[in-house]
Each structure stands twice: as C-alpha cells, then as structure tokens.
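Let's take a walk through a protein structure together. Have a look at the picture first, and then read on.

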Amino acid sequence: MARRAEPVSAASGICAAIAVAALILGTLCAVVWRAEAGSGLGPSDWAALRFTVFQASLSALFSVGLAIPVARALARRRFFGRRLLIGLLGAPFILPVIVAILGLLEVFGRAGWISTALGWIGVEPIRIYGLHGVVLAHVFFNLPLATRLILQGWQEIPAERFRLAAQLGADGRDMFRLLEVPMLRQVVPGVLAVVFAICLTSFAVALTLGGGPRATTIELAIYQAFRFDFDLGRAALLSGLQLVLTGLAAWVALRVSVGEGFGGGLDRLVRRWDGESPGARAVDAGWICAAAAFLLLPLMAIVVSGAPGLVDLPWAVVQAAMTSIGVAAASTLVLLLLALPMAVAVALGHGGAIEISGVLGLAASPLVIGTGLFVVIHPFADPSDFALIVTAVVNAVMALPFALRILVPQARSVVARYGKLTLSLDMGGWPFVRRVLLPRMRAQIGFAAGLAAALSMGDLGVIALFADHEMATLPLQIYRLMGAYRMEAAAGAALLLLGLSMGAFWVLDRGGRWHAEA
Amino acid sequence: MKHLAFAAGLLSATAAYAETPELTVYTYDSFVSDWGPGPAVEKAFEDVCGCDLKLVGAGDGAALLARVKLEGARSDADIVLGLDTNLTAAAAETGLFAVHDVRADYALPVSWEDPLFVPYDWGYFAFVHNADADAPTDFKALGASDKRIVIQDPRSSTPGLGLLLWVKAAYGDEAPAIWEGLADNVVTVTKGWSEAYGLFLEGEADMVLSYTTSPAYHLIAEEDASKAAASFSEGHYMQVEVAGKLAASDQPELADQFLAFMVSDAFQSIIPTTNWMYPAVTPAAGLPDGFDTLVTPEKSLLLPASEAAAVRDVALGEWLGALSQ
C-alpha cells in the first residue's frame, strides 16, 4: 500500500487515541458488566437530561460570547502586567468546586460584598440561587479558558497579515471582517463544544447554586444511581448518554469550524494599527477591567479568607500538597505523551475519530471511570495501591481535550508550513520532531502542560474512591478538614491549593514562552 | 514518612512483618482524617491487639456501602464502620455481614437489638443557627417563618437522607405538606454536609441541617459559643452509626476483638471530641465539658432499619415533588 509522504508517522497518535477511548469506554463496559438488570431510565432522568443540556448550552453561549471581546481586547493591547493578568485569569478554572463556590458567594452572596454595598443604598441583596446562579458560576469557571483559547487564535494570525491589511488601508471593521471573523469561525465552535462539555458534567455547582432538586444534572443522576439505588446499569446508561451528548457536540463543532489557517509568517510581534483610536482603547480597557473584576474579586475573597489559616497549616496538609504536586507532575507527563502524538496525527489529516476520542475525556463521569477501574483492578490487586497512578492517568485524560484544542492548530500549521520542506531535505521522524515541531510548538506545549498540571492539582475526582488515609491529595484534604469542622484550616489549604495550581501553571506556561515572545 | 518506614520495614524484617496480622476497616473519610478519631483509634487498638489496623477511607456512609457491594465477597475489608440505620437494611440484604456477639450497656435513647451491626456513636439531626437569633421550635413554625435554610440532597448525602426520614417519621402522610411549607425557606440544596455548612458559615442562610453536637465543636475546639441547635418539639431524628463484620473476613477473631474494643472505654472516650457525636457507651469519665450545654430533644425519632428502607423511595418522591415546584 502506498503511503502518503509524511514527515512523521501518525501511528503513535492513533495508538494514544485508542488507549484513551479504551480507558473511557472500557471502564464503562466494566460497570455494565458488573451491573445487575437495572430499572432503565425514568422520567426524572429525562428531566435531568433536559436541564443539563439547557444549562450547559446557556453556560457555553455566555462564556464564549463574553470571551470573544475580552480576548480581542487582550490581543490588541500591550500593557504592564498583561502576562500576569492572563495567568491569573486562568485560576478559577482549576479550583475545586467548593472553594470556587465559597469564593463566588463572598462576592455575590447574600452576605457578600455586592449585597453589602447594595445594602448601604437600601437595595435588597441579590439572589444568586437559580439558573442564573448556575450560569454565573459556569461563566466564572469557563470564561478564562475560553478567553485563553480564543486569544491563542488571535495570536496565530501572523503579524504580517495585520501589517498588510493596514498598508492596504483597512480600517478596524475591515480587519475584523477579513482576518478576525475567519479566525473566529475556525476557533469558536471548538471552544463552544469544550465549554458545553465541561458544563454537561457539572454537578455540585449546578445543585448548590441551582437552588434545589430542579437543578438536577445527569451527573447527579449518576451519583444517585450509584449511591442511593446502587443501580450500576442505570449509572452506566446515564454515563453513556453523557458521552453521546459530548460526542455530538464535538462532532458538530468539527463540522462547523471552517477555514484553513493563515499561512506562514515570521513570528513578528503583532501590532494593530486599527486599535489606536481613543474609542478602541476605551472599549478594550472596559472589557479587560470588567473581566478582571469578575474573575479576580472571588479569588481575592479566597485569599482574604484563607490567609489566617495559612499560618499554621496542619502537617497533613503539607503532605497532601506534596502528593498533589507529584500527581500533577505525573499527570502532565502522561498528558504530553498522549496529546502530542494525537495532535500530530490530527495535523496529518487523521482528524475526526482522534479528536472525538480526545473530547470523550470531558464527558466521562469520574465516578463511572473510577468505579470501572475499581472493578477491573480489584480482582488482581488492592485498588488503593494504584490510587495515585490512577488519579494521574485519569486527570491526564480529563485534560486531554483542552490540550488538543491548544496543540492541534499549531501542529497543523507547522506540518503545513514545514512538512514539504523537511521531506525534501529528507528530515523525517525524530529529527523533524526535535528540530522543527517541538521548538515551534513550545508555547502551546507549555500552555497545555500548565493547564494539565493545574487541573490535576485541583481535581478531587477518582482519588476519593481509591485513597486510603495515608495518601490524600490536597482537594481531598480540604474536604476532610471541612468534615472535621476545621473551616479556617480548610480555607488556608484552599489558598495553598490556589497558589500551587497557579504556580504550576505559571512555571510551565512561562517556561514554554521563554524567549519566545517579546 | 510512612512510605519510608514501610520500605525500611520491608527490607529489614520481612518475615516479622508478615507475621503481624492485618485488620482492614473501611470507613468514611472524616473518620480517617488526622482530625477525626482514626489516628487515636488506630494507636489504641494496635496497643492491645498485636496487629496492624488499616483504616481505609471511602467517601461517606452511602459510598461505603456502595463500595462493599461493588467488592462483594472478595472484599479486603474485615470490618465496615460508618453505616447508619438508614443503610443497614440494604447492607444486611447483601448477605455480606456476619452475626456479632457484642453486648454493651448502650447509652442510646432507643433500645438496640441488631444481630449484624454494633453501634459506636449516635447523634440527633438538628438545624444549627447563630445563638443570638431566635429559632422556630418545629417544622411547621419553620415553614411559616422567613428563616432561610440550607439542606443537603438526600440522593448524594447521608444527612440529606436523614432529614427526609426525620420529616417522614414525625409527620408520616402529612410529610408532603410539611415540605411544601418548607420549600420557600430552602435557599439551596447541596451535594454534601461540607458545602452546606460552608454556606451557613458564609452567612448565606440562617440555619443549616447538621447535628445537635455541632455547637460542641465550636464551643470546645474554638471556644466560640455563637452557634446553637434549634430544639424541635416533634422530636429529632437520630443517626446511629454502626459497624459490622464481613462474613468473608480472613481475620474473624481479630474482627470480633475490634467490635468489642469499639464499645470499650478506650474507643468510646475518643469519639466525642473527634467525631463530634455522642458515644454509644458513656465513657467512665463521662462526656467532655461543653456537651452539657447541648440541646437535648424530648423525643427521639428513629425508623426501624427495615421501615427506613421501605419509606426511603416514597419520601424521596415527595421531597422532589415539593421542592421542584
């Protein structure tokens, strides 16, 4: 069989995709296999499905809709502290749910800062509970991610294009139409799908801020099937439903995103001639300030309430922090070993199935993956011996969709730009990867690694199913502290977690950009 | 450090290590945490048993039962500690638990006869509020008041399920009406106890579903008398926490020894200020100072295990119906 000439083989990427799909679908099958005949789906499950899709769609629309102007403003402006701000903006995404909710409530809650301020002028406190509360929290979680992903799209438009457009006399509106809209059409559907899928599996946020049982999501229904009824068949069925929904969203996103990239540039610093007017400056400043206030105030609340507890953190918290760092490092490594080959395989035109396999990680219920792995491991070994490895691998798979969104566009453009050249130089395989691919993708790899490390640091996920008392990750330790009423120490531990996650993100993301961006 | 100690033990004395029998106890997370009873219990039992006590945390009570069901007869656990009476019927139904022969002079407000499960502590569910605010004295008054409450979802947490059965035990067929009265007081429903208690401390609600013993924590550990539990005239539903021996245990004698130890003074005196519940057998030294300030309900409500299991699904339906309006 004649093979198309390719600078690198797609085989390892295809293998990685198969491994990921096998993990997610295999654990689902393990749960089904272990299940006795269940009751099937009831009317309440369908209600949960409807609510889930509705809130996830709204959350995705708002998160991405708001992220576009914010990303545009950040793309057009260079200011002191910009990089720090972009780093900080990533923080909400990686917080454990309970920490983020308590942070949000300090700002938006009944006794929160806004309601207190409103009280001074005699206005009723705002009510955060309900569908709008769910959407607010989901925007808080996902606006930063959406902003970063879209911002990356902007940065991938070569500076030469803007220069050319400016020389041809294009004004802001023309540049938007000619350069930015095509980029957005390419990037936005994927971001929408990712955010939709994240919100699909939300459960504690939706329940707590949704205000009651009306805000039942599929994930809560899975929880109920597992914990309340011990109906594994129903849990698996619901989990399958969740996977199908995410798969559908990913498929639609792949079909809708159009455009082929912008060709090569010389990686010059982007300068925008259309953004110099005072009006444009004011608009951009407005968006940046609004986003910063929305995202940073709750984080500040976490810092304020956590600082007193930070002074005498129990030793167990420090130990848990070290465990978390180890898990995050392992998870990041696993992620890169999976994501890079997959991104290259997609860039080589083996898209579709690989990308969908990558997105499945978003839809898989940690409870079902954990239970499935438990069923698989238990006959042979003590599952708690595998707690940390399993956590690292599952976290990597959960971060995979984000990593692919980050890596694929750049991998595509590298292969498109340098593939033929390197082939003509007979520089295929490893030398291509080492000399061309990795250096050109350094920034994206750093971003993806940073995100994976931070996500893994904050994940409660499967560890709760596997851990014994000698190893706990930091998020689990926070819950244990709260369970023992030690709210102040828990707040301190939460602040430590915030610091560690952001630190991991910053180091890796910055490491990727070292000397790469002026 | 524990890993290091473990490795050193393996290298130097593998034979000696293998001779020490190991007793595995599955329990809930807050029991094994450094601030829970786990570390003290482990030390106290290892002092007398010549064994290695391994405590394994597995979520909360409901998750614990799910895990045992999942593992079936091949479970590594010898003891399961941390089920409550709302779960024991389902646990007994699995056929995984063995009969015990523990006898003790229980300090429970109800008589205790269960062939499979031994109680180790108990408490009353109650709405905790700030001590300086007045509190309603029953569910009807709570429903009629403008107090804002946070409760837990019965589908994902043990206290949530306890509240469901509390209303059902107190009002029976009237329960849906009580829930309709409460619906506009419920600020929100959370996944578990931690979220709910956190919201209450943040000032999001006037009252939170917790235990009559919760104020004891604030009083004893934080010297803070600002929290109180509301006393309800229709009585308070009890949570009795129990442990049972698995029939498939490979250490049946050691397991029996543990169950007997569990109702002894050494274990029971650890419970009040680590698990913040009442001990099942009053320790010789009595209850710690501060426990005398707690609300003592006039009436203790507890559905028998079999009835609780039967009522559960009906009560959930009523709860969902009332709160989903």
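Predicted model: local features only at pLDDT ≥ 70, side-chain atom pairs only at ≥ 80, totals over all residues.

How much of each chain takes part in the contact between them? Chain A brings 57 residues and chain B brings 65 residues. The size of an interface is often given as the accessible area lost when the parts come together. For chain A and chain B, that buried area is about 5500 Å², and 58% of it lies on carbon and sulfur atoms.

Now let's look at how the chains hold particular pairs of residues together. Across the interface of chain A and chain B there are four salt bridges. One of them joins Asp229(A) to Arg312(B), with the closest N and O atoms 3.6 Å apart; a pair like this counts as a salt bridge within 4 Å. The interface also has 13 residue pairs in polar contact.

Which helix gives the largest share of the side of chain A that touches chain B? That is helix 20 of chain A, with seven residues. Other elements giving two or more residues to this side include helix 4 (97–108), helix 10 (218–228) and helix 13 (315–347) of chain A. Sorted by class, this side of chain A has 32 nonpolar, 13 polar and 12 charged residues.

Two of these helices also meet each other within chain A. Helix 13 and helix 20 of chain A pack at an angle of about 155°, and their axes are 8 Å apart. Angles over 145 degrees count as roughly antiparallel, so that is how helix 13 and helix 20 of chain A run relative to each other. Where they meet, Ala316(A), Val317(A), Ala320(A), Ala321(A) and Ser324(A) come from helix 13 of chain A, while Leu474(A), Pro475(A), Gln477(A) and Leu481(A) come from helix 20 of chain A. By class, this contact has seven nonpolar residues, two polar ones and no charged ones.

Finally, let's step back to the whole structure, which holds 19 salt bridges over all chains. One of them pairs Arg76(A) with Asp284(A), whose closest N and O atoms are 3.0 Å apart. This pair links distant parts of the chain: Arg76(A) sits in helix 2 of chain A and Asp284(A) in helix 12 of chain A, 208 residues apart.

Notes: Residues numbered from 1 in each chain as written. Chains lettered and ligands numbered in written order. Heavy atoms only, no water. Contact = heavy atoms within 4.5 Å. Buried area = accessible area lost by both parts, 1.4 Å probe. Salt bridge = Lys/Arg side-chain N within 4 Å of Asp/Glu carboxyl O. Polar contact = N/O pair within 3.5 Å; in protein donor to acceptor, adjacent residues only side chain to side chain. Helix = DSSP H or I, 4+ residues; strand = E, 2+ residues; numbered from the N terminus. Nonpolar A, V, L, I, M, F, W, Y, C, P; charged D, E, K, R; others polar. Axes fitted to C-alpha atoms, helices over the stretch in contact; angles between N-to-C directions. Parallel < 35°, antiparallel > 145°, perpendicular 65-115°, else oblique.
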